[in-house]
Amino acid sequence: PILVICPAILRYVWKEQAERWLPETFGEGRVQVVDKGSQNLSTDARMWVVSYRMVANSKCGKFSKRPDGRPHNFVIVDESHRIKEWS
């Protein structure tokens, strides 16, 4: 599974493009866009897409591991230059 961290406005773009270009891996129901910090990561998803703000505001590193407690296989940080602007 892959964790994508990106600006909030790009979350659904990531979902749409993953489903479009890699349908056998990220077909219907395999990409979860997290809209609220209170949402849990789905155990059925192969990709989770969250915003920078959610990661920054998450309690206890909620998005730092997969639902099964293991580390993410891959983490994609889109627009990573935004990290330096966190305050």
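Trainee: Before we start, what are the ground rules?
Mentor: Numbering starts from 1 along each chain as its sequence is written, and side-chain values use heavy atoms, leaving out hydrogens and water. The model is predicted, so local features need pLDDT of at least 70 and side-chain atom pairs count only at pLDDT 80 or more, while totals for chains, interfaces and linings use all residues.

Trainee: OK, what's the strand order in the sheet?
Mentor: E2-E3-E1-E4, an open sheet of four strands with parallel pairing. Strands here are DSSP runs of E, at least two residues, and helices are runs of H or I, at least four, numbered from the N terminus. Two strands pair if DSSP finds at least two bridges between them.

Trainee: And which are the edge strands?
Mentor: E2 (31-33) and E4, each pairing on one side only.

Trainee: How many bridges join E1 to E4?
Mentor: Four, and the two strands run parallel. In E4, Ile 76 is the bridge partner of Val 4.

Trainee: Switching topic, which residues make up the largest nonpolar core?
Mentor: There are 10 residues, including Leu 3, Ile 5, Trp 48 and Phe 63. Such a core is a set of buried Ala, Val, Leu, Ile, Met, Phe, Trp, Tyr and Cys residues joined through side-chain atoms within 4.5 Å. E1 (2-6), E3 (47-51) and H3 (52-57) each give two or more residues to this core.

Trainee: What about Arg 66, buried or exposed?
Mentor: Arg 66 is buried, at 9% relative accessible area; buried means under 20%, exposed over 50%, partly exposed in between, with a 1.4 Å probe and protein chains only.

Trainee: Where does Arg 66 lie?
Mentor: In the loop between H3 and E4 (74-77). Among the residues Arg 66 touches, not counting those up to four places away in sequence, are Trp 48 and His 72; contact means heavy atoms within 4.5 Å.
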